[in-house]
Amino acid sequence: MTGHDTGETVVSLKGIRKSFSGNEILKGVDLEVRKGEVLSILGPSGSGKTTLLRCVNALERPDAGIVRVDGTTIDFSGKVPNKQILELRRKTAMVFQNYNLFKNKTVLDNVTQGLTVVRGVAKNEARERALKALSSVGMDGYEDRYPVQLSGGQQQRVSIARALAIRPDVILLDEPTSALDPELVSDVNDVITKVAGTGVTMILVTHEIRFARNVASRVVFVEQGNIIEEGTPEQVIDNPQSPRIKEFLSKMMAK
Amino acid sequence: MPSDLLTGVLPRILQYLPATLLYWIVPSVLALFLGTLLCVVRVGRHNILYWLCTVFISFFRGTPGIVQIYLVFFGLPKVFYLFGLDIDDWDPGVFFIIATALNLSCFICETLRGGYLGVDRGQIETGLSIGYNRVQNFIHVIAPQTLKVAVLNLKNLEIDVLKDTSVAYTIGAVEILGSAKAIISAQYGTGQLWILGLVAIIYFVLCSLIEVGFTLASHRMERYERRYA
């Protein structure tokens with residue numbers, strides 16, 4: 001277990017509801033994440049875990065519920081001004097399943113964009129911060145490459161650097177290794193573990209139970225739009241109470 | 001070959017090269033602007049504006065360009081007259097430019113829309129996730145990637161527009177072909193084929209230049225797709 005739990009709440013979700021064409025994916029989810037914590041969201045496909053993660057930075061706008069990140073609170077039951085959404089997104093960073101580096105920008109530009117364009121950081125300082133972030137994920141020397149010239153694992157490491165460089169309040173990781181070749185998975189997992197060790201708050205959606213077991217300080221299990229169990233990895237993964245989780249875990253661990 | 005083809009006829013025709021270029025470039029610029037606006041509406045929510053643009057586009061796509069030029073040339077002064085404005089003495093070229101810009105903007109809109117729909121949604125979401133506002137996301141992610149997908153079709157459109165400037169003379173806006181026709185009729189048709197052949201060569205050279213320009217531009221846009229730099 002890693003993470004530096006300080007007790008201060010950074011992310012708080014209250015009563016999050018979300019439907020897609022009449023199909024309720026999230027049924028009033030409450031969740032709190034404390035500073036320095038690595039929270040892992042587990043659950044079967046279609047359970048709503050990715051949707052839940054995407055509600056934190058409003059890539060999916062909840063139909064109802066309150067999202068708070070640091071000092072920004074948005075109540076999605078009413079009309080939400082774009083300005084607040086921007087503020088929320090600027091406090092978070094996301095690592096996507098498909099890396100999603102900007103195809104038309106170099107590695108360095110990918111990492112500096114969030115600093116120069118969004119946060120008005122001076123070019124030189126942005127470059128320095130970007131190089132430092134790239135070096136921390138083992139991607140020194142790749143600054144001038146384009147994403148297409150990198151392997152999936154390298155692209156994902158750059159995308160983690162992009163998230164780190166902006167020093168967000170929380171990094172949201174959406175199945176960061178699901179699209180990778182099996183041999184590249186451990187590279188990326190190692191980087192995530194290393195980042196977790198530096199006290200960065202993270203929410204990690206993953207199918208990799210063993211990795212979640214190692215890196216997470218807390219685990220929630222989502223099923224059919226609700227959190228059905230929550231606790232330390234020891235509690236939820238080693239000794240789950242719900243038979244549904246036991247069944248799920250035994251299938252996943254058998255792979 | 002008429003003895004003065006290159007010394008007499010060619011310079012006289014080339015005097016109208018600026019007119020041809022004007023009838024090409026002004027509608028292109030206007031249409032790029034208007035077409036982008038139309039495109040923004042067409043990829044957005046299906047509100048009243050969306051349907052207005054859709055009708056506008058299907059009209060201009062579904063009627064011959066020459067008919068549109070006549071409609072604008074004869075119709076626009078009547079519309080202005082209703083508001084007490086007399087534009088009968090406007091240069092015919094202005095009507096040609098208006099009609100072409102309207103027509104072209106519809107095709108540019110649809111070309112850009114195709115390009116936009118071809119952009120990976122993940123790229124757009126990533127822009128939002130790092131905190132770009134809509135304009136920033138448009139400038140840094142959507143526009144460059146849309147253009148890259150759309151550039152081949154834009155090239156075809158621009159070549160068509162250049163060639164279609166040759167119908168401007170039908171409403172009295174004189175350009176290359178118009179001046180050639182005038183020379184031909186002044187000579188009672190002598191050397192007609194030579195002169196028309198010369199005009200064809202001029203158009204061909206211009207289109208080749210556009211072709212080269214667009215090819216260079218698209219190579220530049222695709223540089224990030226080359227696996228080994």
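The largest cavity is lined by Ala93(A), Met94(A), Ser159(A), Arg162(A), Ala163(A), Ile166(A), Thr126(B), Ser129(B) and Ile130(B), where a cavity is, on a 1 Å grid over the protein atoms alone, a set of points at which a 1.4 Å probe fits but cannot get out, and lining residues have an atom within 4 Å of a point. The model is a predicted one, in which local features need pLDDT of at least 70 and side-chain atom pairs count only at pLDDT 80 or more, while totals for chains, interfaces and linings use all residues. Residues are numbered from 1 along each chain as its sequence is written, chains are lettered from A and ligands numbered from 1 in the order in which they are written, and side-chain values use heavy atoms, with hydrogens and water left out.

The volume of this largest cavity is about 50 Å³, a volume being the space filled by probe spheres set on grid points that are joined across faces, edges and corners. At least two lining residues each are supplied by S6 and helix H5 (152-165) of chain A, together with helix H6 (121-129) of chain B; such helices (H or I, at least four residues) and strands (E, at least two) are DSSP runs numbered from the N terminus. H5(A) provides the largest share, three residues. By class, the lining holds five nonpolar residues, three polar ones and one charged, given that Ala, Val, Leu, Ile, Met, Phe, Trp, Tyr, Cys and Pro count as nonpolar, Asp, Glu, Lys and Arg as charged, and the others, Gly among them, as polar.

Of the area that chain A buries against chain B, Phe102(A), Lys103(A) and Asn104(A) supply 25%, more than any other three residues.

Across this interface the rule finds one salt bridge, that is, a side-chain nitrogen of Lys or Arg within 4 Å of a carboxyl oxygen of Asp or Glu. The partners are Glu125(B) and Arg54(A), whose closest N and O atoms are 2.6 Å apart. Between chain A and chain B there are also 12 residue pairs in polar contact, both residues at pLDDT 80 or more; a polar contact is a pair of N or O atoms within 3.5 Å, and within protein one must be able to donate a hydrogen and the other to accept it, with residues adjacent in sequence counting only if both atoms are side-chain atoms.

Chain B has nine helices and zero strands. The largest pocket has a volume of about 1400 Å³, a pocket being an open set of points with protein on both sides within 12 Å along at least five of seven lines. It is lined by 34 residues, of which Val43(B), Tyr116(B), Ile124(B), Arg134(B) and Ile142(B) lie nearest its centre. H7(B) gives the most to the lining of this pocket, with eight residues, and the lining as a whole divides into 19 nonpolar, seven polar and eight charged residues.

Conventions:
Buried area is the accessible area (1.4 Å probe) that two parts lose on being put together, summed over both.
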